[in-house]
Amino acid sequence: MISVTNIVKYHGPTRILDGASITIRKGEVAAIIGPSGGGKSTLLRCINGLELFQEGEIGVGDAAKLIGGQTPTKATLIQLRRMVGMVFQQFNLFPHMTVLKNVMAGPIYALGKSHAEAETIAKKLLDRVGLSPRIDAKPWQLSGGQQQRVAIARALAVNPAAILFDEPTSALDPKMSAEVMRVIDDLADDEQFQAAMVIVSHDLAAVKKIADTVHVLNAGRVAYTGPAAEAFAPGGPVEKME
């Protein structure tokens, strides 16, 4: 589903990613954890085409491919956006749009759905994340946890093959964090939901519960890849990381 091969990424003279390679299968929940500054969020942004990288290759599905040192074409980026949804730390909702219209935007502008089709999709997803009563609210009228749940619904609205979560609870208090993680956990437990999910998070308790596979990223390199149960075992990679 997602193949990341020997990615090298510089910010100025600093080597942020240093030959990182991971593979994520369809329907898999993969967590990327590790020390701050290890390149986790940068890796997600490279997968989604938001940042260029200097070496290596990223493939999403059978079609979308990004090559190190090359600027992707507009057609490639459009294809990538249709296949990969992203949920950011700071929500990134459109402030002038209602909750409903935020979620409708993807189906209308990315998929070419009619207004009626997009509204049906959006209402169903907002019900799934528990926000049906707030469809006419603007983002500023919602709590942080509610805004992040809208962001998840918006990412789901284009029926992506993969969803990337970049520290989805880092800006939230514990109660709101729990609300958001319950939504992600519900997706992970849904056997009919076949999108790959990639979660960058410092919430190790949530990662332990949700993830199938754990990748430990340290200094831009993948220091460990394996089953979550093994990663969190006594004396395992996560304990050593801490």
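Two residues are in contact when their heavy atoms lie within 4.5 Å of each other. With that idea in hand, let's look at this predicted model. Rolling a probe the size of a water molecule over the atoms shows where empty space is left.

- You will find D185 in helix α6, which covers residues 174-189.
- D185 has a relative accessible area of 12%, and because buried means under 20%, it counts as buried.
- Setting aside the neighbours within four places in sequence, D185 touches K209 and I210.

**The largest cavity**

- The model holds two cavities of 30 Å³ or more, and the largest has a volume of about 50 Å³.
- Its lining is made up of G49, E51, L52, F53, L66, I67, G69, Q70 and P72.

- Around the second largest cavity sit A31, M181, I199, A206, V207, I210 and A211.
- Helix α7, residues 204-210, gives the most to this lining, with three residues.
- The lining of the second largest cavity has seven nonpolar residues, with no polar and no charged ones.

**A link to spot**

Conventions
Residues numbered from 1 in each chain as written. Predicted model: local features only at pLDDT ≥ 70, side-chain atom pairs only at ≥ 80, totals over all residues. Heavy atoms only, no water. Helix = DSSP H or I, 4+ residues; strand = E, 2+ residues; numbered from the N terminus. Buried < 20%, exposed > 50% of the residue type's maximum accessible area, 1.4 Å probe, protein only. 1 Å grid on protein atoms, 1.4 Å probe; cavity = no way out; pocket = protein on both sides within 12 Å on 5 of 7 lines; lining within 4 Å. Points joined across faces, edges and corners; volume = space filled by probe spheres on them. Nonpolar A, V, L, I, M, F, W, Y, C, P; charged D, E, K, R; others polar.
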